[in-house]
Amino acid sequence: MLNEIYDSTKEQMSKSIDSLKRDFSTLRTGKVTTNIVDHIRVNYYGTPTALNQVGNVIATDATTISITPWEKNMLQPIEKAIQEANIGVNPNNDGDFIKLFFPAMTSEQRQEIVKQAKQMSEKAKIAIRNIRKDGNDQVKMLEKDKDISEDEAKRGHTEVQKITDNAISQIESVLTAKEADILKV
């Protein structure tokens, strides 16, 4: 019974950490990645569709993303979606494809992105603490229902706390790595 609680807690915390990593991938670092445009949805014949589903999205160099639509008539909707997404650059449409030129980041921009990363990691820590609370509540229920003894419940709470501490330290290390990546010129 306790092992099921531990496994469930580890799995949920792992999902929270993976979610944080996905969120981090949308943050801009010194080198531009196509992840910056992953959240952009284009109106494709009345259906909001991911940008990478209506065209080829590639990072041509460290500061440029090129978007080549599969259908010529999609240039305008793609351009409009990028402008509405407000990602900090204006699309350049040359009639065949769209290019996004990202200027070099200033130190103020880097500090602002680091703040965003810290906010994201704080949300992940809150999620981890909520998962810990759920795990501890399940242990308490087992003790209340007399399925486990008081000593087993204490060991259960200790183990859930160890799992939590491990998850928090993983979040800290991911944040530290991302911070170094953002601040690297």
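1. The largest pocket of this structure has a volume of about 370 Å³, where a pocket is an open set of points on a 1 Å grid over the protein atoms alone, with protein on both sides within 12 Å along at least five of seven lines, and a volume is the space filled by probe spheres set on the points, which are joined across faces, edges and corners. The model is a predicted one, in which local features need pLDDT of at least 70 and side-chain atom pairs count only at pLDDT 80 or more, while totals for chains, interfaces and linings use all residues. Residues are numbered from 1 along each chain as its sequence is written, and side-chain values use heavy atoms, with hydrogens and water left out.

2. Lining residues, meaning those with an atom within 4 Å of a point, number 17 for the largest pocket, and Arg-28, Ile-87, Gly-88, Ile-113 and Gln-116 lie nearest its centre. Helix H3 gives the most to this lining, with five residues; helices (H or I, at least four residues) and strands (E, at least two) are DSSP runs, numbered from the N terminus. By class, the lining has nine nonpolar, six polar and two charged residues, with Ala, Val, Leu, Ile, Met, Phe, Trp, Tyr, Cys and Pro counted as nonpolar, Asp, Glu, Lys and Arg as charged, and the others, Gly among them, as polar.

3. The axes of helix H1 (residues 2-25) and helix H3 (residues 107-144) come within 10 Å and cross at roughly 170°, the axes being lines fitted to C-alpha atoms, for helices over the stretch in contact, and the angles running from 0 to 180 degrees between N-to-C directions. H1 and H3 are therefore roughly antiparallel, a term for angles over 145 degrees. Their contact (heavy atoms within 4.5 Å) includes Leu-2, Ile-5 and Phe-24 of H1 and Ala-117, Ile-128 and Leu-142 of H3.

4. H3 also meets helix H4 (residues 150-183), the two axes coming within 10 Å and crossing at roughly 170°, which makes H3 roughly antiparallel to H4. The residues of this contact divide into 14 nonpolar, eight polar and nine charged.

5. Four strands form an open antiparallel sheet in the order S3-S4-S6-S5, where two strands pair if DSSP finds at least two bridges between them. S3 and strand S5 (92-93) stand at the edges with a single partner strand each, so one side of each is left without a neighbour in the sheet. Helix H2 (residues 75-85) packs on the sheet, touching S4, S5 and S6.

6. Strands S3 (residues 55-61) and S4 (residues 64-69) pair over six bridges and form a hairpin with two residues between them.

Methods: Angles under 35 degrees count as roughly parallel, over 145 as roughly antiparallel, 65 to 115 as roughly perpendicular and the rest as oblique. On a 1 Å grid over the protein atoms alone, a cavity is a set of points where a 1.4 Å probe fits but cannot get out, and a pocket is an open set with protein on both sides within 12 Å along at least five of seven lines; lining residues have an atom within 4 Å of a point.
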